[in-house]
Amino acid sequence: MTRVGIVGGSGFVGGELARWLLGHPHAELTQITSERQVGQPLHRVHPHLRGRSSLRFIAQQDLQACDLLFLALPHGTAAKHISRYEGIAERVLDCSADFRIRDVDAYARWYGEAHSDPVRNTRCVYGLPELHREQLKGARFVSGVGCNATAVQLALLPLARAGLLPTQESVVAQVLAGTSEGGVGPSAASHHPLRSGSIRAFAPTGHRHAAEVEQAYPKIKLHLTVNAGDFVRGAFAQCHVVLDQDQNERDLLRVWQQAAAEEAFVHVIHERAGFYRHPDPKLVTGTNLAQLGFALDRDHRRVVAMCAIDNLGKGAAGSAVQAMNLMLGWEETLGLDFCGIHPL
Ligand SMILES: NC(=O)c1ccc[n+]([C@@H]2O[C@H](COP(=O)([O-])OP(=O)(O)OC[C@H]3O[C@@H](n4cnc5c(N)ncnc54)[C@H](OP(=O)(O)O)[C@@H]3O)[C@@H](O)[C@H]2O)c1
């Protein structure tokens with residue numbers, strides 16, 4: 001078995017990584033850190049994992065050598081100690097935003113400070129398998145993905161692969177995101193009486209995940225807005241794309257179906273009847289799936305490209321485990337076959 005560890009294991013992404021890894025046929029979760037929960041069993045923090053593991057949280061200073069280390073730490077924390085983590089494990093996958101952006105000028109613009117490790121940054125592979133499959137095979141240093149960035153990148157994937165992303169017009173992307181995007185730490189903005197039933201205009205402009213989408217699709221002009229709902233998991237992207245040329249619905253459906261045919265975790269939802277005619281994040285809760293769909297406003301050559309993911313699944317831990325499978329030369333889908341539950 002391949003020995004895998006998680007740093008920052010008491011957070012939401014850490015818990016989701018543990019859930020996937022404990023069911024993985026080739027990886028063994030051998031250590032998981034939390035500075036505040038040292039000595040506590042895993043299920044004290046992640047109650048759904050009771051009975052799945054006898055592991056207890058350890059402090060980072062007690063980490064042992066292993067084959068692959070997942071970092072699930074807050075932004076800015078991983079980069080400071082990355083050389084130590086690389087000394088512990090041959091392969092490192094950092095789920096934070098520290099190493100997602102290759103262009104350090106863009107990083108400084110979006111994150112408000114110079115990158116602390118620009119040299120190491122150049123050899124990091126962005127961890128979205130649907131975009132970087134070949135580079136991920138055998139890679140030793142990989143970044144995780146931004147959840148909202150993933151929803152937008154995958155929403156646009158069918159058009160991008162078909163060469164239909166516009167070069168003249170801007171793309172307007174709106175994401176509605178769940179509360180678990182904010183992590184496990186409570187804040188005034190996550191307090192239940194204030195948050196329940198509300199929709200917060202979280203980032204009408206200036207959301208940092210725009211940097212990841214622009215990196216993936218450098219020719220488009222992106223306008224990203226992120227709103228926050230009061231559901232726990234899920235990110236739902238709707239991208240308004242004005243095509244350079246007229247397209248009919250049947251041809252566009254083929255474009256979407258082609259993209260899905262190439263990807264194990266992408267489903268196209270484009271139904272004429274029934275309740276589930278378009279992607280719905282509730283249906284992918286707990287999975288590594290992305291539901292993609294579209295609607296066409298032919299009069300204006302406007303396509304609404306949609307994507308629904310679980311922000312902790314395809315938008316974080318699911319993609320990270322999928323990337324791990326590629327890094328280690330395994331079947332990409334290993335350990336990730338949960339299809340979700342319904343009703344929820
Ligand atoms: N939540 C999402 O939807 C999502 C999606 C994609 C990517 N990500 C990224 O994944 C990373 C983890 O996200 P998360 O939502 O799991 O965060 P989280 O719930 O806040 O968990 C982070 C964990 O890191 C540990 N930690 C270690 N050093 C810390 C420090 N200096 N300050 C605060 N905590 C520290 C904390 O546990 P101890 O203090 O007990 O050690 C904490 O449980 C972040 O970089 C985030 O941007 C998150």
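What share of the contacts in the protein with a separation of 6 or more comes from residues 24 or more positions apart? Those residues account for 71% of such contacts, where a contact means two C-beta atoms, placed from the backbone, within 7 Å of each other.

Before going further, a word on what you're looking at. This is a predicted model, where local features need pLDDT of at least 70, side-chain atom pairs count only at pLDDT 80 or more, and totals for chains, interfaces and linings use all residues. Residue numbers start from 1 along each chain as its sequence is written.

Let's start with the overall build. The protein comes to 12 helices and 13 strands, counted as DSSP runs (helices are H or I, at least four residues; strands are E, at least two) and numbered from the N terminus. Its C-alpha trace spans about 60 × 45 × 40 Å along the principal axes. A compact globule of 344 residues would have a radius of gyration near 20 Å, and the protein has 20 Å, so the two agree; the radius is taken over C-alpha atoms, and the globule rule is 2.2 Å times the number of residues to the power 0.38. Buried residues make up 44% of the 344, with buried meaning 20 or more other C-beta atoms within 10 Å of the residue's own, again placed from the backbone.

Now for the domains. Domain 1 covers 2–145 + 314–327 and domain 2 covers 148–311, with bounds from an automatic or database domain assignment. Their centres, taken over C-alpha atoms, are 25 Å apart. Where they touch, domain 1 puts in 20 residues and domain 2 puts in 24. On the domain 1 side, helix 5 (104–111), helix 7 (129–136) and helix 12 each give two or more residues, and helix 12 gives the most, with 6. That side divides into 10 nonpolar, 6 polar and 4 charged residues (Ala, Val, Leu, Ile, Met, Phe, Trp, Tyr, Cys and Pro count as nonpolar, Asp, Glu, Lys and Arg as charged, and the others, Gly among them, as polar).

So where does the ligand sit? Both domains give residues to the shell around the ligand, so it lies between them. There are 30 residues around the ligand, and Gly 8, Gly 11, Val 13, Ser 96 and Gly 183 come nearest; a residue is near if its C-beta atom, placed from the backbone, lies within 6 Å. Helix 1 (12–22) and helix 12 (313–327) are the elements that give two or more residues to this shell, and helix 1 gives the most, with 3. By class, the shell has 11 nonpolar, 16 polar and 3 charged residues.

Technical notes
A residue is buried if 20 or more other C-beta atoms lie within 10 Å of its own, exposed if 12 or fewer, and partly exposed in between; C-beta atoms are placed from the backbone.
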